[in-house]
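Here's a quick look at how two parts of one protein meet. Have the model open while you read.

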Amino acid sequence: MLTRDVEITSSHVNEFLLSKHIQYLHKYADKSNESYEQVMVEYLRMSGIYWTTTALQMMDADFDKAGRDDILAMIRTCVHPNGGISAAKGHDPHLLYTLSAIQIMVSYDALKDNIIDIDQTVAYIASLNRSDGSFAGDVWGEVDVRFSFCAIASLALLDRLDAIPVDKAIDFVMMCYNTIDGGFGSRPGSETHAGLIYCSLGCLSITGQLDRIDADLLGWWLAERQLPSGGLNGRPEKLPDLCYSWWVLSSLTIIGRLHWIDKHKLLRFILATQDEETGGFGDRPGNLVDPFHTVFGTAGLSLLSHLYSCDPNESIPQNSDNPDADLSTQWKSISEKIKPINPVFCMTQS
């Protein structure tokens, strides 16, 4: 059977370019940057700020340099009277950007800085909870298990999970569970997808209900996402994409099966997606870089270097036929350069 994949060769980058990534992220965060790219992605600016500041924080860089005061002031302009938060000023509020804003404020220890009225924001989130336990992303009513995660994670970070009927919300998440492969889709009856598995497991982990799934069956499906190149895809017959170094690995970490992945092959793939001239990570080797893939590629490295069950100093058989042999000394170095990441909230932790 033909497998869709990419080829990693000796010409690809094989070391972690920390300083390049920090320079790239600071340049992207520069408020004076009014490039065409920045204008065109205004509709997801709040998430872009979260990706950039989280990546800098993981790299133990001066993430305040990204403009703490300016970022918090920008969030204030995106807060709506109903308590919801939008991607940018003048846009509609949405659960996706409400979560991103809350994550940023928690990272900056700014929840008590009166940027938002917490009661109003909690009320906004609760207002999107439907009678079947699902959540709409905004007033227009699209339902997706992603929005269940956004709501539950936001309320957990605000310490206000009591604002919704949690068991009912989790009942909806379990309606999206596919017993044939152990995974989750976006809605009941939808195809299993790694990103939606992460969202669903995040809900179950936060609420203490992970016992409702078959972890071995799900772990098998997730481990099957690894291709010969070492990269991971989001569902069968798709090309590898660096962002699944987060969605798949965080899911495996949550269910205690991170060690079911070949971390050395995955490291080769992750390193090959870097741009050695500009810094940053792309979805696949040779493609353009962006903050989205940079944060999730870095987060994948964090999970592998800090939480993988094997000894970070373990050796790889040194022989000319083993393409991973030159990576055997890198794990300890990477763990010293990147802070641990929380596998549920994708935020740094001590």
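## Polar contacts across the interface

First, a term: a polar contact here is a pair of N or O atoms within 3.5 Å, where one must be able to donate a hydrogen and the other to accept it. Keep in mind that this is a predicted model. By that rule, five residue pairs are in polar contact across the interface of domain 1 and domain 2, with both partners at pLDDT 80 or more.

What about salt bridges? The count between the two domains is one. Lys339 pairs up with Asp60 in a salt bridge, and their closest N and O atoms sit 3.3 Å apart.

## The two domains

Stepping back, domain 1 covers 29-132, while domain 2 is made of 210-310 + 325-349. Taken over C-alpha atoms, their centres are 25 Å apart.

## How much gets buried

Twelve residues of domain 1 touch 16 residues of domain 2. Together the domains bury about 1200 Å², and 69% of that is on carbon and sulfur atoms.

## Domain 1's side of things

Two helices, α3 (45-58) and α5 (95-107), each bring at least two residues to the side of domain 1 that touches domain 2. The top contributor is α3, with seven residues. By type, that side divides into six nonpolar, five polar and one charged.

Conventions
Residues numbered from 1 in each chain as written. Predicted model: local features only at pLDDT ≥ 70, side-chain atom pairs only at ≥ 80, totals over all residues. Heavy atoms only, no water. Domains from an automatic or database assignment. Contact = heavy atoms within 4.5 Å. Buried area = accessible area lost by both parts, 1.4 Å probe. Salt bridge = Lys/Arg side-chain N within 4 Å of Asp/Glu carboxyl O. Polar contact = N/O pair within 3.5 Å; in protein donor to acceptor, adjacent residues only side chain to side chain. Helix = DSSP H or I, 4+ residues; strand = E, 2+ residues; numbered from the N terminus. Nonpolar A, V, L, I, M, F, W, Y, C, P; charged D, E, K, R; others polar.
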